[in-house]
Amino acid sequence: MSTQADLSKLAIALEYADLGAGLYLAGGSDHAAKLLAAAAEQVLGDLARLLGPSAHNDEVQTLLAKIAKRYKAAPLEPNTARAKRGEGLSALGFAQPGEKASEETREATAAYLRAAWYTLEAMGLDAIVPLRLQKAVDQSTIYANHG
């Protein structure tokens with residue numbers, strides 16, 4: 001890990017994963033959540049390959065943790081709150097308020113979010129996984145089939 005650009009990949013991946021998880025948890029906008037989660041998984045995978053065996057080096061872990069802890073998530077409201085104000089991502093072609101996206105899209109989104117979580121875990125960063133990503137992974141693995 002030699003440049004600041006390499007370090008910024010973690011911040012970008014955390015943002016994608018966190019926003020994707022937030023959209024997944026809020027309901028609606030499932031296509032946007034899927035795209036963000038897939039992008040996070042891709043960036044984290046690239047970063048993990050770039051780091052290779054040095055990912056568990058103390059110096060690298062300190063740098064990664066510093067960036068991850070500095071990241072502050074943007075708040076996302078539940079879909080129902082946006083619907084009351086007439087806002088949301090419907091103008092971009094995503095699910096309308098109250099409309100359910102296909103089950104396949106929800107499952108794909110959850111799979112990408114889990115992949116991002118497992119990549120962070122493999123990099124030794126499971127302690128600083130964004131809260132919404134952890135909640136989305138828990139919801140999709142523990143509660144999804146018990147609804």
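In the predicted model, Thr109 touches Tyr24, Asp30, Ala33, Lys34 and Ala37 when residues up to four places away in sequence are not counted, a contact being defined as heavy atoms within 4.5 Å. Thr109 is found in helix α5, and with a relative accessible area of 0% Thr109 is buried; here buried means under 20% relative accessible area, exposed over 50%, and partly exposed in between, with a 1.4 Å probe and protein chains only. This is a predicted model, in which local features need pLDDT of at least 70 and side-chain atom pairs count only at pLDDT 80 or more, while totals for chains, interfaces and linings use all residues. Residues are numbered from 1 along each chain as its sequence is written, and side-chain values use heavy atoms, with hydrogens and water left out.

The chain has 6 helices and 0 strands, where helices (H or I, at least four residues) and strands (E, at least two) are DSSP runs numbered from the N terminus. Buried residues make up 40% of the 147 residues in the chain. Among the contacts with a separation of 6 or more, 77% are accounted for by residues 24 or more positions apart.

Confidence was examined through the pLDDT, the predictor's confidence in each residue on a scale from 0 to 100. The chain has a mean pLDDT of 77, and 71% of its residues reach 70 or more.

Helix α5, with 20 residues, reaches 28 Å from its first C-alpha to its last, close to the 28 Å expected at 1.5 Å a residue, the expected span being 1.5 Å times one less than the number of residues. Besides Thr109, the buried residues of α5 include Thr105, Ala110, Leu113, Ala116, Trp117, Thr119 and Leu120. The helix is followed by Gly124, whose phi is positive, near 85 degrees. A search of the whole structure finds 1 aromatic pair, in which the rings of Trp117 and Tyr118 have their centres 5.2 Å apart and their planes at 85 degrees, so the pair is edge-to-face. In this classification, rings of Phe, Tyr and Trp (its six-membered ring) pair if their centres lie within 6.5 Å, and planes under 30 degrees apart count as stacked, over 60 as edge-to-face and the rest as tilted. Trp117 counts as buried at 13% relative accessibility, whereas Tyr118 is partly exposed, with a relative accessible area of 45%.

Ser140 lies in helix α6 (residues 131–143) and is buried, with a relative accessible area of 11%. The side chains of Ser140 and Arg114 are joined by a polar contact of 2.9 Å, a polar contact being a pair of N or O atoms within 3.5 Å of which, within protein, one must be able to donate a hydrogen and the other to accept it, and residues adjacent in sequence count only if both atoms are side-chain atoms. A polar atom of the Ser140 side chain also lies 3.1 Å from the backbone oxygen of Val137. When neighbours within four places in sequence are left aside, Ser140 is in contact with Tyr24, Ala110 and Arg114. Gln139, likewise in helix α6, is partly exposed, with a relative accessible area of 30%; Gln139 and Leu25 are 114 residues apart in sequence and 8.4 Å apart in space, C-alpha to C-alpha.

Helix α3 (residues 58–70) has 13 residues and reaches 18 Å from its first C-alpha to its last, close to the 18 Å expected at 1.5 Å a residue. Val60, Gln61, Leu64, Ala65, Ile67 and Ala68 are the buried residues of α3. These residues cover an arc of only 165 degrees around the axis, which puts them on the same side of α3, the arc being that of the directions from the helix axis to the C-beta atoms. The face turned away from the buried side of α3 carries the exposed residues Asp58, Glu59, Lys69 and Arg70. At the N-terminal end, Asn57 caps α3, with a side-chain oxygen 2.7 Å from the backbone nitrogen of Glu59. Ile67, buried with a relative accessible area of 10%, touches Leu7, Leu10 and Ala11, not counting residues up to four places away in sequence. Ile67 and Leu10 are 57 residues apart in sequence and 7.3 Å apart in space, C-alpha to C-alpha.
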